[in-house]
Amino acid sequence: APLRRPQGLLEFLKTVRANPLATWMEAHFTAPLVAAEGVLGRITVVSEPALIRHVLVENAGAYRKDDLQRRVLAPGLGEGLLTAEGEAWRLQRRTLAPIFSARTVRGFEAAMNAAGERLARRLVRRAGTRIDVAQEMTRVTLDVLERTIFTNGPQNDPDALARAITRFLESVGPIDPLDVFGVPDFVPRIGRLRARPAIRYFAEIVEALIARRRAVMAAGEAPQDLLTLLLAAQDPETGEGLSDLDVSANIVTFIAAGHETTANALTWALYCLSQDPAALARLEAEVEAAADAEGRFAIERLPFAKAVIEEALRLFPPAAILSRQALKEDRLGRVKVPRGSVVMVSPYVLHRHRALWEDPAAFVPERFLGAAREAIPRFAYLPFGAGPRVCIGQSFSLQEAVIVLAHVVRAVRLALPADHPPVIPVQRVTVRPQHGLRMDAMRR
Ligand code: HEM
């Protein structure tokens, strides 16, 4: 594969800050592997399913998550499942796995429907106006997390928590060049200093919640939400529970990992549907038929809605890069991976790779139905990653996105205004539309 032209430092930093998606070149979308010497050393980008399987699964022990993600995320998230490494991660993963079992996720159906109904009511009220779709989707995914993690929110004031979460998330700024170059943590970062009050405020709210919930659990009256499940979780090997610090870090982690990602999946799905009347008509028919007497939904009755979400996740994968650092030397086919160098799998590149997808830029939900679905190689489609560090919230977020989508589609029809700026994907923390997404809502 062609070697990439080494970029100048300034050019590199500018592009990474503006939109990392713009750094992909033609070769990435056609070659199985592209190795390049950049300013940060060797980076190997892999898009061949068997080689990806090797890195993420078969030889996963020879890699760790690349340190940049950790440096960027850990100050806000603490040592939760997303940022922990080694033995600390293994212990947490074992302990947390049952919390996201199919049965528990199924149990959250009512909460997801309640959040979907609330959103639908708001959209119907605002029919005839222009709606900030990206913002509404962020709101509904936060609502789902609040209902599933805390049931009622702190002091029965869900908005207090929403405010704290929003402040906290807004305080997480763009990637700091000091982090990119691994400057040690004792060197202060302006962004981090700015974020500190919001992080501390949020941590205090969560600590208070944990203390109160422990008391309620002792009295045997706790709701079956994620907070109770986290506090009751036990390591299947040692029987030990999580410390309050671990519980708190994972609550923050679930919120950070689970809200903007799912919100973007929904935003992109609604955008794609607005460009494809046939798919929208098919979805509307499915949704009408699937609603129960109370107007609630279950994912099993919405196969086409699920295909729409999966296709949106293919074109616009919210997590655009899986990045690993080689702990020892490895080989990918004939290419040597030096110890310490970075191997990347980009779901964005992979999902648009011309050797793997027919007409990759087209929105075709039917790819994810029936026999066509079965024909997709497992390692050609990785919106949730793969291997030991695969997304623990995968079925949670699919169920959530499908149910919320159904509520939106049943409530209103959304049209992209003619004067909307171009809807282009940009990678900030997740992949979102560069200029947001505002659409005209019409009552159905
Ligand atoms: C990990 C994507 C929703 C919690 C991951 C990874 C990806 C991903 C790609 C693996 C990263 C890597 O290997 O480097 C997504 C997408 C979502 C989504 C696209 C929505 C559409 C959620 C939700 C939650 C969640 C709803 C929790 C409620 C996590 C956690 C990890 C993770 C805790 C770390 C797992 C570990 O390292 O053991 N996610 N995620 N995610 N995700 Fe998600």
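In this predicted model, 27 residues surround the ligand. Trp89, Arg93, Arg324, Arg389 and Cys391 are the closest. The side chain of Arg93 places an N or O atom 2.7 Å from an oxygen atom of the ligand. Arg324 has a polar side-chain atom 2.7 Å from a ligand oxygen. For Arg389, the distance between an N or O atom of the side chain and an oxygen atom of the ligand is 2.8 Å.

Several elements build this shell. Two or more residues each come from α4 (86-96), α12, β5 (322-326) and α17 (394-411). Helix α12 gives the largest share, six residues. By residue type, the shell holds 16 nonpolar, seven polar and four charged residues.

Now turn to the nonpolar cores. The largest one has 102 residues. Inside it, the residues with the most contacts are Met137, Ile251, Ile309, Phe396, Leu405 and Val408. Helix α12, spanning residues 244-274, again leads: its 14 residues are the largest share of this core.

Val408 shows how the packing runs. Leaving aside residues up to four places away in sequence, Val408 touches Leu119, Leu123, Met137, Leu270 and Leu414. One of these partners, Met137, is itself among the residues with the most contacts in the core.

A separate core lies apart from the largest one. This other core has 19 residues, including Leu56, Ala62, Val337 and Val345.

Technical notes:
Residues are numbered from 1 along each chain as its sequence is written. This is a predicted model: local features need pLDDT of at least 70, side-chain atom pairs count only at pLDDT 80 or more; totals for chains, interfaces and linings use all residues. Side-chain values use heavy atoms; hydrogens and water are left out. A nonpolar core is a set of buried Ala, Val, Leu, Ile, Met, Phe, Trp, Tyr and Cys residues joined through side-chain atoms within 4.5 Å. Buried means under 20% relative accessible area, exposed over 50%, partly exposed in between (1.4 Å probe, protein chains only). Helices (H or I, at least four residues) and strands (E, at least two) are DSSP runs, numbered from the N terminus. Contact means heavy atoms within 4.5 Å. A residue is near a molecule or strand if one of its heavy atoms lies within 4 Å of it. A polar contact is a pair of N or O atoms within 3.5 Å; within protein, one must be able to donate a hydrogen and the other to accept it, and residues adjacent in sequence count only if both atoms are side-chain atoms. Ala, Val, Leu, Ile, Met, Phe, Trp, Tyr, Cys and Pro count as nonpolar, Asp, Glu, Lys and Arg as charged, and the others, Gly among them, as polar.
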